[in-house]
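Q: Could you go through this structure with me? I would like to begin with its strands.

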Amino acid sequence: MLNTKISIGGSNLPVYERGVKVTDIKTAMVGTPCQILAATKINKYEDQTGGSPIDVKIGLFCMENFSYSYLEKYLKGQGIELYEVKEFRIDKGKFIANLIDGNVFSIPIAETEPFTRKNCHICTDYTSDVSDISVGSVGSPSGYSTVIVRSKKGRKIIEDAIDKGYITIDEMSEKGLNLLKRIANQKISKNIKRYKKREAVARPVLSKRAMNEDEVIREASLCQFENLQNDVISVGSCVLCGACEYVCPIDSIQINHRKPVSKKECEEDCHACYFACPRTFVSNEIYPEDIDEKPLGNYLDIYSVKANSIIGQDGGVVSAILVYLLENGIVDEVSIVGEDKDAPWRPQSKLTSSVQDVIMAAGTKYSTTPIGFKALNK
Ligand SMILES: Cc1cc2nc3c(=O)[nH]c(=O)nc-3n(C[C@H](O)[C@H](O)[C@H](O)COP(=O)(O)OP(=O)(O)OC[C@H]3O[C@@H](n4cnc5c(N)ncnc54)[C@H](O)[C@@H]3O)c2cc1C
Ligand code: SF4
Ligand code: SF4
Ligand code: SF4
């Protein structure tokens, strides 16, 4: 059966027959750790999911994410409309909204509970452990991003982007590295406790992280949407990444802003959504067994980095890397998260080959969106 992932009016975007790449377009994706894990699973289980054109994964650090509607409601309660906000920032334990009129609204992170997504409370990946390159702010001085290089591909990209003048690197300070490890450890230990509590009433798919590969395939091959519903969605573990919607060969799954729903009966031999979901089993080939003891995951290099000519949330490094990838023909398109033009700060995914679009999408939108994959679906 033909499982068309992308088709824009006869363009040369990739078309997949289940597991078989028919044309060859490469995409770079930016995402939070859960989204990067989903991309990893989609590609690893290509035979089951149909694969994706994602070739370079740039992961963001992420402590938690917020619900757009609850954030909007909360700020309204404080007398602030979202269109009045120039920039959101998380810094030194504070959630900060810098307003266009120059005023600053700031609360301790602990008080963001009313608009934090509870689904993030079961997440134990702070630094996008399975990306090619991970980027965040913690550990580096203002105006710089912390960059963790994880794969040989990632290293080649960083080295060439330096040589070609897109970014500049500095050594990471020991103090910065220790802070980053401490914060990652805080997230991991807090959330392991939380998911163990949740798993007292749900199938223990998360505590079985880093399962043997054969076991993952055996278990996931017994599961369809109903299992995804029972093991992930109805127990509050869905992170709204959009991977299930993307891989479904019969376009049965739809995601509104709250949860995925399935509209049709599943195909008899299909288990794609369960394989792709970042909140089901993860094999030890993806997360090695000892990863929980390494707060930053496995990596090759770590630096403080800034873009030479782009202004972003921190060092502008994510945008500079994406521009480098496009301008040098390393990927054909990038999946970015811009802003909905009708709803300020509402994140909106977009697949683009335009450098201008990348520059416009710089900056963090602190709320959840079924990113990347949805854009690939166009
Ligand atoms: C929900 C969230 C939580 C985060 N939490 C932390 C944290 O706890 N600690 C930390 O150090 N860093 C965190 N970050 C990362 C940080 O905010 C910066 O994104 C990162 O430092 C890169 O900065 P930059 O200037 O290099 O990127 P820029 O050049 O500004 O590029 C940012 C890129 O992020 C993408 N993006 C924007 N919003 C989203 C979104 N909602 N989902 C997916 N992609 C998006 C855009 O496509 C853009 O390409 C978080 C990011 C997000 C989205
Ligand atoms: S589940 Fe939440 S905390 Fe974890 S990576 Fe995704 S958005 Fe961030
Ligand atoms: S909803 Fe059913 S048909 Fe669609 S991916 Fe999941 S198992 Fe397959
Ligand atoms: S159920 Fe779907 S949207 Fe939710 S985390 Fe799993 S793959 Fe992502």
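Q: In what order do the 8 strands of the open sheet lie?
A: The order is β11-β14-β10-β9-β5-β4-β15-β16, with mixed pairing; two strands pair if DSSP finds at least two bridges between them. Strands (E, at least two residues) and helices (H or I, at least four) are DSSP runs, numbered from the N terminus. This is a predicted model, in which local features need pLDDT of at least 70, side-chain atom pairs count only at pLDDT 80 or more, and totals for chains, interfaces and linings use all residues. Residues are numbered from 1 along each chain as its sequence is written, while chains are lettered from A and ligands numbered from 1 in the order in which they are written.

Q: How does β11 run relative to β14, and how many bridges join them?
A: The two strands run antiparallel and are joined by 5 bridges. Within this pairing, D170 stands opposite S304 in β14.

Q: Changing topic, how many residues surround ligand 1?
A: There are 33, and the closest are M63, G136, G312, V318 and S319; a residue counts as near if its C-beta atom, placed from the backbone, lies within 6 Å.

Q: Which element gives the largest share of that shell?
A: Helix α10 does, with 3 residues.

Q: And what surrounds ligand 3?
A: Its shell has 14 residues, and the closest are F225, C248, C266, C270 and C273.

Q: How many helices and strands does the protein have?
A: The protein has 12 helices and 16 strands.
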